[in-house]
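Hi,

Here is the structure I promised to pass on.

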Amino acid sequence: MMKHIKEQEIKGIYGIVIGVFLIFLLVPLLLLLGKSFEGEGGISLVHYGEILTGKGFFVAFGNSILLSFASAAAVTALAFVLAYTIYYTNVPKEMKRFIRLAAVAPMLLPTIAYGFAIRYSFGEQGLITRLLGGRLLGNSGFAGLWLGYVIYTLPTAFMLIVHSMSFIDKKLMIVSRVMGDSPFRTFLGTILRPLLGTLAASFVQCFVLCFTDYGIPASVGGEIEVLATVLYSQILGSVPNLNRGAAMAVLMLIPSALSIFLLHCLGRYNIRSNEGAPVEIRRGKLRDILCGLVSCGILIWVLSIFAVVFAVPLTEEWPYRLCFTAEHIRQAFSDQSLLSVYENALLVAGLTALAGSLTAYGAALAVARSNLSKRFKRVIDRIALMTKGIPGMVIGIAFLFAFSGTPVENTFFILVICNVVHFFFFPYRMMKGCLSKMNASWETTALLMGDTWLKTIVRVVTPNAMTTLLKVFSYYFINAMVAVNAAIFIAGVRTAVIPTKIKELQDSAKSNEIFVLSLLTLATNLAVRGLFRYLAARKENAGVYREGNLEESSAMDIRGLSERL
């Protein structure tokens, strides 16, 4: 009887998860595909023909490829230098802490704000231009887009590389030196070679992020046109062509699908070992000085670009009257429309974090803590992989076609569910990894003692997974606060969030309001990130329920469960 109840509960959770992605991922994508083949007389390839024979598409496509390649190559190299400084030098711990924090700081701001920061830093009257006495970036927009993409993808590349580098066995360096290898040969054999798969994965991931981003090219401007801006003009431009836009969105899926295949192939080269044992790093004063200066120089350069986010709204009239004033801040906080947008953003981010955490947790339970067949479990794994590879713009356009004219059009619900689907991959992988490491006999023992599977999940499994759940909640919240690629197509006037409002303010040239909203986003994300890191650390050190030592605590968990029965 208990086993039957357990099967019903887990099958119910599995069915809900599959239903969510069937309705809000598969159906919209199929409608998008159908729209792209829709012609006057039925099914037609005319829209694909118009795109592929038009000059504008190939120019934009070539620009996107070139910019994405240059940005991905540069950011992978920069992220490697930062990670190397943390793990293979003796620079002060405070400097290493600064590198870790500063490298991921750009992810706390909407990408659409990057362009304004770059323009107000490197324009004719930009902050950095004035400090250096001349412009460093040209007028074409290529350099600005490249810089924006590098800043945008730096956190992703850094987190990938620093994570893999933590698993490299540093004892191999000692063996290499004992065998008489030169320092360069030791570097190639014990550091660079084990990381080749990760470096390649970083390049592919960053390439796709740059190729499919809309926020940076929308705000940088210039003469360079990329595929994302062309796609936006086809859907929401002055002369929209929905069918051609749908066809272009489908074509944008091709690089994303290719990236999934490449990442799957590169997965076999990932480092598969326990965390490397601590080894004293060989002394190298010149190495430490160079790596420390280069790493800090990279990050100070990145952070200095965002100095205008603080400077512009605190001056009377940038760049002509530079006297300090808080009037722009006061005006922004007295503007009910801006406050409404901020409240909308908090609501959407909070609901996304809650719904997303529950969805990721339910999916991970069905895969890692159930007796469902491997065939059913693979369905969720493949869905997660799909969400990783589909660009936000494509999901937004698919939702636009699927839910226009329905009761959920221009509602907070559609924004929340779009974020839940779009950002599902990493939370699901985090939860699945956490649940897979737990003692597999907890549910069986509880059933033998008369408890239900669901009560065991609530009383035993969930407390042990709380640290990861807090991290997942924070991940969803922060991404929902800064996401623009999908929201730009499905947010209405009443449901506008900060990134879409910034796009609207751009057309009115209201820079003070743009930077005040950016500051609000940054402050909110910093507060949320800090709070949930504190709660996760506190939970991890709380006593019985510690994810880092599950085997040791399992007996205590079961004894506690027995006492409650």
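How many nonpolar, polar and charged residues does the lining of the largest cavity have? Before the answer, a quick reminder that this is a predicted model. The lining has nine nonpolar residues, one polar residue and no charged ones.

Some context on that cavity: the count comes to three cavities of 30 Å³ or more, and the largest has a volume of about 60 Å³. If you want to select its lining in your viewer, pick Val348, Leu415, Cys418, Asn419, Ala480, Ala483, Ala486, Ala487, Ile490 and Val497.

As for helices, H20 (412-422) and H24 (487-490) each supply at least two residues of that lining. H20 gives the most, with three residues. H20 is also largely enclosed by the rest of the structure, because nine of its 11 residues are buried. The buried ones are Phe412, Ile414, Leu415, Val416, Ile417, Cys418, Asn419, Val420 and Val421.

One more spot to check is Thr212, which is found in helix H10 (residues 196-212). Is Thr212 buried or exposed? Its relative accessible area is 8%, so Thr212 counts as buried, the cut-off being under 20%. A polar atom of the Thr212 side chain lies 2.8 Å from the backbone oxygen of Val208. Leaving aside neighbours within four places in sequence, Thr212 is in contact with Met252, Ser256, Pro391, Met393 and Asn485.

Cheers

Terms used. Residues numbered from 1 in each chain as written. Predicted model: local features only at pLDDT ≥ 70, side-chain atom pairs only at ≥ 80, totals over all residues. Heavy atoms only, no water. 1 Å grid on protein atoms, 1.4 Å probe; cavity = no way out; pocket = protein on both sides within 12 Å on 5 of 7 lines; lining within 4 Å. Points joined across faces, edges and corners; volume = space filled by probe spheres on them. Helix = DSSP H or I, 4+ residues; strand = E, 2+ residues; numbered from the N terminus. Nonpolar A, V, L, I, M, F, W, Y, C, P; charged D, E, K, R; others polar. Buried < 20%, exposed > 50% of the residue type's maximum accessible area, 1.4 Å probe, protein only. Polar contact = N/O pair within 3.5 Å; in protein donor to acceptor, adjacent residues only side chain to side chain. Contact = heavy atoms within 4.5 Å.
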